[in-house]
Amino acid sequence: MSKQYNEVVRVYEDCLDLNGRGDFVRCTDCGLLQLIQIGGTSCGCDICQSENLQWYTDETGNEIQEITITELEQMGFIIEDCVIPMF
Ligand SMILES: [Zn+2]
């Protein structure tokens, strides 16, 4: 088992594909790590709705782009589910 990350990732579960896969990004305005809809362009946090998103990079500088919830959990990330109400 490699490094454990222990960082909170907000996961917009309803926006992910059937395998729980999404885009793994960090908002450069509010700093929130999040797993959003693939191709999504804006921070899901209600406050900033920023479009300044960056791919997550690990400590060796590798970009992690698409990833699944399961893979995040295996890496030690703390999953914070955020369910967006359907209208
Ligand atoms: Zn944000």
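Colleague: Which residue in β4 stands opposite V25?

Modeller: Happy to start there, with one caution: this is a predicted model, where local features need pLDDT of at least 70, side-chain atom pairs count only at pLDDT 80 or more, and totals for chains, interfaces and linings use all residues. Residues are numbered from 1 along each chain as its sequence is written. Strands here are DSSP runs of E with at least two residues, numbered from the N terminus, and two strands pair if DSSP finds at least two bridges between them. β2 and β4 pair in the antiparallel sense over three bridges, and the residue of β4 opposite V25 is W55.

Colleague: What is the bridge partner of Y56 in β5?

Modeller: β5 covers residues 63-64 and runs antiparallel to β4, joined to β4 by two bridges. The two strands form a hairpin with five residues between them, and G61 in that turn has a positive phi of about 90 degrees. Across from Y56, the partner in β5 is I64.

Colleague: Which residue of β3 stands opposite F24?

Modeller: Four bridges join β2 to β3, and these strands run antiparallel. They form a hairpin with five residues between them, where G31 in the turn has a positive phi of about 80 degrees. The residue of β3 that faces F24 in this pairing is L35.

Colleague: And which residue of β3 stands opposite V11?

Modeller: Here the pairing is between β1 and β3, in the parallel sense, over two bridges. The residue of β3 opposite V11 is L35.

Colleague: With which residues is V9 in contact, leaving aside its neighbours within four places in sequence?

Modeller: Contact means that two C-beta atoms, placed from the backbone, lie within 7 Å. Leaving aside neighbours within four places in sequence, the partners of V9 are L33, Q34, L35, L72, F77, I78, I79 and E80.

Colleague: How far apart in space are E13 and D81, C-alpha to C-alpha?

Modeller: E13 is found in the loop between β1 and β2. With 14 other C-beta atoms within 10 Å, E13 is partly exposed. Beyond its neighbours within four places in sequence, E13 is in contact with D81 and V83. E13 and D81 are 68 residues apart in sequence, while their C-alpha separation is 6.6 Å.

Colleague: What positive phi does N6 have, although it is not a glycine?

Modeller: Most residues other than glycine have a negative phi. N6 lies in the segment before β1 and is exposed, with 9 other C-beta atoms within 10 Å. Its positive phi is about 55 degrees.

Colleague: And what positive phi does Q49 have?

Modeller: Q49 sits in the loop between β3 and β4. Q49 counts as exposed because it has 12 C-beta neighbours inside 10 Å. For Q49, also not a glycine, the positive phi is about 45 degrees.

Terms used:
Buried ≥ 20, exposed ≤ 12 C-beta atoms within 10 Å, placed from the backbone.
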